[in-house]
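Morning, everyone. Please have the sequence and the model open while I talk.

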Amino acid sequence: MMTKLISIATTGLFLTITWGGLSSVKEPTKLPIISPQPDPKAESIKRGKLIYDELCMTCHLPSGEGVAPTFPPLAGSDYLMKNLTESIRGIKYGQKGKITVNGKTYDGNMPSMGLNDKEVADVTNYILNTWGNTYKGIITAQQVANIKKQ
Amino acid sequence: MLKSLYIILLFFLLPSIGCTQENEPAIATPTEMTYTTELVVPELEIPWGMAFLPDGSILVSEKTGALLLYKEGKKQSIENPPAVYTRGQGGLLDLELHPNYEENGWIYISYSSPEGGNGGHTAVMRAKLSGNRLTDQEILYKGTPNTSSGTHFGSRMEFGSDGLLYFSIGDRYSRDQNPQDITRDGGKIYRIHDDGRIPTDNPFVDEPNAKKAVYSYGHRNPQGMVKHPETGVIWVHEHGPKGGDEINLIQPSKNYGWPKITYGINYNGTTITEDTALPGMEQPFYYWVPSIAPCGMTFVTSDKYPDWKGSLLVGSLVFQYLERCVIENNQVTKREKLFENIGRVRNVRQAPDGYIYVAVEGEGIFKVVPKS
């Protein structure tokens, strides 16, 4: 066992030295200028994660599992996927009253977080595409703007 | 090999077990309840502050920014409340009356102020009620610099036996910058005169660059504050991270440790610090693991509740009950959950009429009354 470990370590060390040596003699290559093609959805999800960590995580938890029977799960939530407009309305204006998520009833009160439409879109995109959740499209600020209080 | 693997595993698991171990005493459901609740102010969103005026009316602040006066069964909107930064936990926050309110009419209001732009920070103002209008507004303190963060504003206020105003500002989601640095706002308990002047005997008045209003530091997000009815000591509770909510007895210049010491961990389960105690840092009077998300606190001193006299009541946002802590020999010896499923308890106060009032999100204000 010990010998094996030593041999792995030595190989690693050898490779590091070789690699380092090789790259140091290389001519510095000019990097081609790549015009950045930001993926709007990936960017939105990235911004959404920051909002989630700041304002949502304390109740819905880092992996979106929620806390039964008070805070419904977001990961694998059938309610979320089937009631997308209602869910976005909830994030935008707050959510009160009974909802059924994965067969369990939740009767809570989530306050509005005071986010602007772009931030609501970002955090929704994050939730819809994390912890195993997948959503083909992208939620835009315009879509959020069109969702009004009921 | 297998044995050493277990030892390694144990080594990694032990600290996490240590951090998440439930703290004693375990909470119990009372076998018999002699009190019940009666909804007195209906239909509120997030009632944060409650002030009980001499004429029996209740002044209520809604986090959304509305200031309401509930008088003779009617809700009246008070005009001209301060502008608030409402992101996340920000908004119109706590209310407190001057100890000589009947003579001078001063009402103290804490709120997240957008003044200066680029987000907000906690501010304290005093103002007067004139009819249905808030007048004579004077800003007494404003945390700086503003940040866009919508969390950890603190906000609770209480007048001490010294006639000075104590208030809390949370760490503003900058735990590594604010709580341990007395030259920065946030993560502190503050003390000022009723007109905003800095008391000359505040602990850091002679420290260069210090925020002179700071009274104690190393706090995370204190949302409960009450003066002990006998000792006069200011009791504060604060939200911890995952686990590690604390009750602290505030003394001048003391460091309450956040984030250098804590009984909590990060929400994702990783460690914040290995330390629960360090020299020069205060231990909490009590800590909650798991977190109850404490908000609002009051001592029961009136003769309306003989069964609860002397207890400390604390609201729980996450478990949606009112917690009763029995305190004997300078420690919490018993914990009880009252009014389970009442909703997210944002505030609890004993009013001058001797009754306990409980503010619940999405519901309103309940009065605790003996069961008939």
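First, a term: buried means under 20% relative accessible area, exposed means over 50%, and partly exposed is in between, with a 1.4 Å probe and protein chains only. Now the ground rules. This is a predicted model, where local features need pLDDT of at least 70, side-chain atom pairs count only at pLDDT 80 or more, and totals for chains, interfaces and linings use all residues. Residues are numbered from 1 along each chain as its sequence is written, chains are lettered from A and ligands numbered from 1 in the order in which they are written, and side-chain values use heavy atoms, with hydrogens and water left out.

Start with A:Thr70. It is buried, at a relative accessible area of 16%. Where does A:Thr70 sit? In the loop between helix H2 (40-60) and helix H3 (78-82) of chain A. Helices here are DSSP runs of H or I with at least four residues, strands are runs of E with at least two, and both are numbered from the N terminus. Contact means heavy atoms within 4.5 Å. Setting aside neighbours within four places in sequence, A:Thr70 contacts A:Tyr106, B:Val318 and B:Gln320.

Now chain A as a whole. It has six helices and two strands. The order from the N terminus is α-α-α-α-β-β-α-α. Of its 150 residues, 35% are buried. Among contacts with a separation of 6 or more, 58% join residues 24 or more positions apart.

Next, confidence. pLDDT is the predictor's confidence in each residue, from 0 to 100. Chain A averages 84, and 78% of its residues score at least 70. Residues 9-25 of chain A stay under 50, and the model gives them zero contacts beyond four places in sequence. Where pLDDT is low, the predicted coordinates should not be read in detail.

On to helix H4 of chain A, residues 84-93. Why is H4 largely enclosed by the rest of the structure? Because seven of its 10 residues are buried. Those are A:Leu84, A:Ser87, A:Ile88, A:Arg89, A:Gly90, A:Ile91 and A:Lys92. Their cover includes H3, strand S1 (95-101), strand S2 (104-110), helix H5 (117-128) and helix H6 (141-146), in chain A. After H4 comes A:Gly94, with a positive phi near 100°.

Cysteines next. A disulfide is a pair of cysteine sulfur atoms within 2.5 Å. The count over all chains is zero. The sulfur of A:Cys56 has its closest cysteine sulfur in A:Cys59, 8.9 Å away, so the two are too far for a bond. A:Cys56 is buried at 16% relative accessible area, while A:Cys59 is partly exposed at 22%.

Over to chain B and B:Gly120. Its place is the loop between strand S8 (107-113) and strand S9 (121-130). Buried or exposed, this B:Gly120? Buried, at 0% relative accessibility. B:Pro145 is 25 residues away in sequence, yet the C-alpha atoms are 8.0 Å apart. Beyond four places in sequence, B:Gly120 touches B:Tyr85, B:Ser113, B:Pro114, B:Asn146, B:Thr147 and B:Arg172.

That covers the stops I had planned. Questions, please.
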